[in-house]
Amino acid sequence: MTIEINPAGTTPPELIRNFCVIAHIDHGKSTLADRMLQITGVVEERNMRAQYLDRMDIERERGITIKSQAVRLPWVGLDNKNYILNLIDTPGHVDFTYEVSRSLEACEGTILLVDAAQGIEAQTLANLYLALENDMKIIPVLNKIDLPAAQPDKYAAELANIVGCKPSDVLRVSAKTGEGVKELLDLVVVEVPAPIGDPKAPARAMIFDSVYDTYRGVVTYVRVIDGKLTPREKIKMMSSGATHELLDIGVISPEPKSTKGLGVGEVGYLITGVKDVRQSRVGDTITDSIKPATQALAGFRDPKPMVFAGLFPIDGSDYPLLRDALDKLQLNDAALVYEPESSVALGFGYRCGFLGLLHLEIVRERLDREFNLSLISTAPSVGYRILLEDGQEISITNPSEFPSGKITEIYEPVVKATILTPSDYIGPVMELAQDRRGQMHNMDYLSEDRVEIRYTLPLAEIVFDFFDQLKSKTRGYASFDYEPSGEQVAELVKVDILLHGDPVDAFSSIVHKDKAYAYGVEMTGRLKELIPRQQFEVPIQAAIGTRIIARETLRAIRKDVLAKCYGGDISRKRKLLEKQKEGKKRMKMVGRVEVPQEAFVAALQTNADSASKDK
Amino acid sequence: MAALPEGDPAPIDGELPNKSDLKSKPFSLYVHVPYCAKRCGYCDFNTYVPSELDKDDQIQSWLTSAIKELGLIKKVTKQDLVIDTIFFGGGTPSLLEPEVINEFLENVSRRYSLKPKIEITLEANPDTITQEKSDYWLASGVNRISIGMQSSTKNVLQTLDRTHNPENVFNSVKILKDSGFINYSLDLIYGTPGESLEDWDKTLNDALALEPPHISAYSLVIEPGTKMGAQLNRGEISNVSDDDAADKYSLAEQIFSSRKYEWYEISNWSRSEMQCQHNLNYWRGNNWWGIGPGAHSHINGVRWWNEKLPKNWREKLTRNQSPALAREILSERQIKDEKLMLLSRLRTGIKSKEVKSSARNSLIEQGLIFEESENIVLTLKGRFLADVVFRHLSE
């Protein structure tokens, strides 16, 4: 029988090191975590599998981590003391900046992990700035030094320049082979400060993640700042005042293990039986309900949806399934918001709010994969604040809510964007940003041939295909990150698309007035190709209010008949007509015009493709 | 080649669920002769050129199997049928030696009764018509020839990959008339890529100069899997435009009606009483047996189709099995839909009372049909949009 050294709940803070890893997708964070699990012995060799900590299939397939976790690793330091290292995983993408910031808040130090063949990427840089703002200890590390394409000297110089150290201070590892990982763990012990807190004060623990589990309900990950949390005690969520009983408390190493509690500086999980992650929100402070703390930890905020899109089932009868699926996803995704929406063109669906584009994509993909739902989504849009002439102020997240009355001012959300690009592509990048109404702030050379450019950009201009465009204009080398940065006044108009005089709601769009014409020409042209000819002539128009800005004409159909219908043709012809009849049932009526659902789907899906052809 | 429809398995012995009353309706024979000297660029019929067939399945072996299938009809129907019409289609039936046609027809009349003045049609390629053959056909009982003229414009024939010269059509008609044929038809195709309205006008006038009692005119359909389909995919030719086809149909209708030809089906016009009785049987939902590889049959709501490959067709018959590949037993709904689909294409139209009055009124309002005594009939606009009409009627 092994005697556990430093059991959780009683670990002296001076033996604890809490750290995380900041890295870009594919730079090897999960592989590094795998090696640490192995080297510290918490996972036996025979139980090891790749990307051990990434739970969801999508995470493993896309190589990104959506939900962070914390894992407790025992490690004997160079001074022969038994340390506890808590590796706190951070989400790796732009949309989850807030979650990243809370994960960072739970640590005293961070490993900055960069691919030695690729150098630092914009998001990593953005997260690094977050860590620096938090006064965290940064340990710069180059990974994948075993790759033939690795350029460790070049990127060590770049990292040293960014972090402000000597190139020789940059540790070189290969998470794949394990080279340098022991040294890295030793360095964590030496470099990362021990947590400080008051063990006698009322308990305060910060929630840095909250995950819904089918069997256990919500699993909440916390970092204890002051005091101690113990099993069966009543805890209180300081943002809402809600109290819960602690049914279970423990650590992950790397499987969950109940403990007698969690003390100052410790990291672990707790379970209260709540069923919805919104009752256990990231950033919130947990305290003892009998002896509560008076002051919550700073930094809690509600996740705010930034990007909106309508999601509609392609098969209208799937609508109840979509509702159930969204309800289930929300149990595990506090940032997802939705409300019912109905569209003439697309039927019944939900208007959903997301943290950003990736969040939207992940939700769509999970709806497809886990719930088997075929969906069409409208073009993503953002929220606007509109001042009306009568002094009223409204907020809208859907072009259909755009007021028809006189407007004094419209405010659109803007973001601070960071773009990293090889210097060869500065021209195309600036051109793209300018085309998207970007305002450049500054440009810094990170190294001889890489620059960092900072912009303020309207969010609406990047929700669409900005990232794809950026990638295609820089042969995939540029990287991009943004964070919300308030709002600005903009000259925006709503462009409606009319079929035979009737507006098609799914295609209405709020665009900058200088782009209204191009949008109108684009959409009318595309619909002309997609909508079958009717028995009468159909004008397809783009309009701002009552003013027509573009027009195409769908001429009346003159022929819809098969010339030959002899003995051998009859079965085939009948089947063809049966199919057409089925198709007719799926037609949506826009006024008198019959439009196949597929035409709407195609028009919305090709949005990004054809927009990229234009430029 | 056009794919066969999917169907249910066909019974090995060709057994039919319903053989009653076969004498109360006309019963026709379709005879498929799937051989061609060369395949035309637009053709998606079940046809074979000699190089595609084994030596056992060349045109010379056709008769033996065809006669076996002829015998199967009696085995399956167990009735003394009166044959209403016979139609040799292809392929190129005129490639058969006239003695073969004669022997086949002799076999038919030996086993079955023939209706008095039975219509017997043979499709002929203008290149293959000789005086000798023509005389023989008439003597054997063939009394109607359908000539694949397609166009009188050289470049159009070239695009279609037709081997014949426009003059051959003129010569063929002369030969047929000299033999004593009264009934013959010209098949025309319009809408070929590169064909101008003037080209089509010339074709129409050249055809009418031959005084045919009957004309069929089809809008070209470029099917996937054909040579022209491949050319279309490669962008070498452009697809048939519906507007162009509509213009050309209008021109044909205008010229035909001015010359006293009346439409009796969407793509068929004739002088009085010279309609193709065989095709009318198809459209009226009558019964027929299709003999030959890939041939379709219909008896009392069962449609079946034969093995497409001559080899498979022959082998099944050699084993005394039905050569059917698959079949479908039509539901009441499908029977009704077919009736609407087929009868609506005819000048005689559909009985008004068989159609929902709401659909009828809406179609009349749209100018697609008109009422004539007890029937509804397609207007000219309705002939262009017959599939729209059908979808309305069958709702």
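**Close-up views of a predicted two-chain model**

Figure 1. Among the contacts in chain B between residues at least 6 apart in sequence, 73% join residues that are at least 24 apart. The secondary structure of this chain comes to 14 helices and 16 strands. Its radius of gyration is 21 Å, close to the 21 Å that the globule rule gives for 395 residues, so chain B is as compact as a globular protein of that length. Taken along the principal axes, the C-alpha atoms of chain B fill a box of roughly 55 × 50 × 45 Å, and 45% of the 395 residues of the chain count as buried.

Figure 2. Chain A has 15 helices and 32 strands. For its 615 residues the globule rule gives 25 Å, and the radius of gyration of chain A, 28 Å, is close to that value, so the chain is as compact as a globular protein of that length. The C-alpha trace of chain A spans about 90 × 65 × 55 Å along its principal axes, and 48% of the 615 residues count as buried. Of the contacts in chain A between residues at least 6 apart in sequence, 70% join residues at least 24 apart. The mean pLDDT of chain A is 88, with 93% of its residues reaching 70 or more. Over residues 58-68 of chain A, however, the pLDDT is below 50, although this stretch has 33 contacts in the model beyond near neighbours in sequence. The pLDDT is also below 50 over residues 607-615 of chain A, a stretch with 12 such contacts beyond near neighbours in sequence. Where pLDDT is low, the predicted coordinates should not be read in detail.

**Figure 3. The side of chain B that touches chain A.** In the model, 34 residues of chain B are in contact with 22 residues of chain A. Several elements of chain B each supply at least two residues of this side, among them strand S7 (214-219), helix H8 (242-258), strand S10 (287-291) and helix H14 (386-393). By residue class, the side of chain B that touches chain A divides into 16 nonpolar, nine polar and nine charged residues.

Figure 4. S10(B) is mostly covered, five of its five residues being buried. B:Asn287, B:Trp289 and B:Ile291 point one way from S10(B), whereas B:Trp288 and B:Gly290 point the other way. In a regular strand the side chains alternate between the two faces of the sheet. Strand S2 (residues 27-33) of chain B runs parallel to S10(B) and is joined to it by five bridges; in this pairing B:Phe27 stands opposite B:Asn287. S2(B) is also joined to S3(B) by six bridges, and these two strands run parallel, with B:Phe87 in S3(B) as the bridge partner of B:Tyr30. Strand S3 (residues 82-90) of chain B is mostly covered, with eight of its nine residues buried.

**Figure 5. The buried face of helix H10 in chain B.** In helix H10 (residues 310-318) of chain B, the residues B:Pro310, B:Trp313, B:Arg314, B:Lys316 and B:Leu317 are buried. Seen down the axis of H10(B), these buried residues fall within an arc of 165 degrees, so they line one face of the helix. What covers the buried residues of H10(B) includes helix H1 (62-77) and strand S12 (302-306) of chain B. H10(B) is followed by B:Asn320, whose phi is positive, near 60 degrees.

**Figure 6. An open sheet of three strands in chain B.** The strands of this sheet lie in the order S14-S16-S15 (chain B), and their pairing is antiparallel. Strand S14 (350-351) and strand S15 (369-372) of chain B are the edge strands, each pairing on one side only. S15(B) pairs with strand S16 (residues 375-378) of chain B over four bridges in the antiparallel sense, and B:Glu372 stands opposite B:Asn375 in S16(B).

**Figure 7. The surroundings of A:Ala157.** A:Ala157 lies in helix H5 (residues 152-163) of chain A. A:Ala157 has 17 other C-beta atoms within 10 Å, so it is partly exposed. Leaving aside residues up to four places away in sequence, A:Ala157 touches A:Pro167 and A:Ser447. A:Leu87 is 70 residues from A:Ala157 along the chain, and the C-alpha atoms of these two residues are separated by 27 Å.

Technical notes. Residues numbered from 1 in each chain as written. Chains lettered and ligands numbered in written order. Predicted model: local features only at pLDDT ≥ 70, side-chain atom pairs only at ≥ 80, totals over all residues. Contact = placed C-beta atoms within 7 Å. Nonpolar A, V, L, I, M, F, W, Y, C, P; charged D, E, K, R; others polar. Buried ≥ 20, exposed ≤ 12 C-beta atoms within 10 Å, placed from the backbone. Pairing = 2+ DSSP bridges. Rg over C-alpha atoms; globule rule 2.2 N^0.38 Å. pLDDT = per-residue confidence, 0-100. Arc of directions from axis to C-beta.
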